[in-house]
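Thanks for coming, everyone. I'll walk you through one structure today. Have a look at it first.

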Amino acid sequence: MKKQLEKLKNEIIDNLDKVKSSDVLRALEIKYLGRKGELTKILRGIADLSVEEKKILGKMANEVKTELQAKFKRAKEMIEGSAAAEGFIDVTLPAGEKINRGHLHPITQVQNELEDLFTSMGFMVLDGPELESDYYAFEALNIPAHHPARDTQDTFYITKETGKETKSPIGDLVSGVFGEASDLVMRPHTSPVQIRAMRKYGAPLRLVVPGKVFRSEALDANHEHTFYQLEGLMVGEDISISNLTAVLKEMLSGILKQEVELRLRPGYFPFVEPGFEIDIKCTICNGPGCPSCKYGGWLEMLGAGLVHPNVLRAGGIDPEKYSGFAFGMGINRLAMMKYGIDDIRWFNSGDLRFLNQF
Ligand code: FA5
C-alpha cells in the first residue's frame, strides 16, 4: 500500500504540472480527491490494516493528502491568476509605437465627392479601358484618321507590328473586351466611354466616367502627361445648353463649396456641336488675377457641348429624337482650385510632404 500511495502521489503531481485550465483541474480533483476518488479509496483501505500498519501508513497517507490538497490549491491560484493577468490592461504603460495609417490621395477624394454629387443627380458612374481602340478613342467620336483634331490630343499610340499577326501582350483580352482587334492608344480622354455607354444602355441616359488619361504633353504647372478626367453625358429629349450649365454649376459649387461663375467660350471638339471651353472664375483671387490663374482671373476647367448627331448615330441613338450634352473636365485642375495648389505636378510626385496635407 505504501508503494501504491507513492505511485499515486507522483502521478497526481505530474498531472498537476501539466494542467492549464480550471476545468481540467476540477476534473483531476474529483478523480483523485473526490468522494469516490483514487486517493480516498486508498485512505479508506487503511481501516482494514493491522494497528501497527495503520500507525505508519495512516500518518503517511494523511501527509500525502495534505500535501496534495495544498498543491491543488496552489495550481488553482496559478490558473486564476494568469487568467486575470491576461484580461488586465495597465493604463499606465506607454502607448507604444504609433502606426501610420494611409489615406486617400487628394484626387481620389475629389473623385469620390464628384461621384456622390452626380449620383445624387441621377447619373450613373461608369468605367472604361485605359488602353483603348483607335475606333472608340477617335473614329466613333467623329474624328477620322486624317482629321487634324487628332493632333491636339498628343496621343500615345501603341503601334501594331506590321507583317505579323496583331498580338499585343493583352491581345486576347483586347479582342474580348472590344469585340474587334485594332490599333490601340493610351486613351487621351474619357470620351470613348460615351460611345460604349450609348451602345450598351441607349437613350435616355445620364452618366459620368471618372478615370485616368494619358497625353504626350509638354509638362508645366497646368499640364501633366497622366491625369484624371471626368466625362459627363446626358441624353434625352430636348436636352439643351441650359441643362449643361445647370448641372455644371451644381457640380462646381458642390465641390468648391461656394457659388461659381462660369464663362463659356466657343471651342472646337469634333464630337460636339456647338462646342465650348468652359472656364470658372478663379476662386482664389475672385477675378483680378493671381499666380494660380496665371493672372487671367479665369481657369479653363472643361470642354463641353451638345453631342454631335454623328456621335449619337455611332452610339445607336436617333439624333432626330434625342439630343444630349457632354463634357470632359480635368479632375486635377478642379482639385488645384479646391485646395489652392499652384502646380499640377505635385499630384504625381509621391511627395509625402504634399500628400500628408490632405
Ligand atoms: C477633351 O479631352 C475632351 N474630350 C473634352 C470634352 C468632352 C469636350 C465631351 C466636349 C465634350 P480637352 O483636351 O480640352 O478636351 O481636355 C479637357 C480638360 O482636361 C481640360 O479642360 C483640362 O481641365 C483637362 N486637361 C487637358 N489636358 C490636360 C493636361 N495635360 N494636364 C491636366 N489637365 C488637362
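Let me start with a definition. A salt bridge here is a side-chain nitrogen of Lys or Arg within 4 Å of a carboxyl oxygen of Asp or Glu. Keep in mind that this is a predicted model.

How many salt bridges does a search of the whole structure find? The search finds 11. Take one of them, between Glu 29 and Arg 26. The closest N and O atoms of Glu 29 and Arg 26 are 3.6 Å apart, and the cut-off is 4 Å, so the pair counts. Why can Glu 29 and Arg 26 pair up along a helix? Glu 29 and Arg 26 are 3 residues apart in helix 2, residues 22-33, so about one helical turn separates them.

Now the overall layout. The protein chain is divided into three parts: domain 1 is 2-85, domain 2 is 107-128 plus 201-355, and domain 3 is 131-186. The contact between domain 2 and domain 3 takes 11 residues from domain 2 and 10 residues from domain 3.

How much area do domain 2 and domain 3 bury between them? About 1100 Å², with 59% of it on carbon and sulfur atoms. Which part of domain 2 gives the largest share of the side touching domain 3? That is helix 10, residues 309-314, with 3 residues. By class, this side of domain 2 has 6 nonpolar, 3 polar and 2 charged residues. Salt bridges across the interface of domain 2 and domain 3 number 0. Polar contacts do turn up: 4 residue pairs between domain 2 and domain 3.

On to the ligand. There are 25 residues around the ligand. Which come nearest? His 189, Ser 191, Arg 215, Glu 217 and Glu 300. Let's look at some distances. From the side chain of His 189, an N or O atom is 2.9 Å from a nitrogen atom of the ligand. From the side chain of Glu 300, an N or O atom is 2.7 Å from an oxygen atom of the ligand.

Last topic: the backbone. Most residues other than glycine have a negative phi, and most peptide bonds are trans. Here are some exceptions. The peptide bond from Ala 203 to Pro 204 is cis, with omega near -5°. Pro 204 sits in the loop between helix 8, 192-201, and strand 5, 205-214. The peptide bond from Glu 273 to Pro 274 is cis too, with omega near 0°. Where is Pro 274? In strand 8, residues 272-281. Then there is Asn 286, a residue other than glycine with a positive phi, near 60°. Asn 286 lies in the loop between strand 8 and strand 9, 298-307.

Methods:
Residues numbered from 1 in each chain as written. Predicted model: local features only at pLDDT ≥ 70, side-chain atom pairs only at ≥ 80, totals over all residues. Heavy atoms only, no water. Domains from an automatic or database assignment. Contact = heavy atoms within 4.5 Å. Buried area = accessible area lost by both parts, 1.4 Å probe. Polar contact = N/O pair within 3.5 Å; in protein donor to acceptor, adjacent residues only side chain to side chain. Helix = DSSP H or I, 4+ residues; strand = E, 2+ residues; numbered from the N terminus. Nonpolar A, V, L, I, M, F, W, Y, C, P; charged D, E, K, R; others polar. Near = heavy atom within 4 Å.
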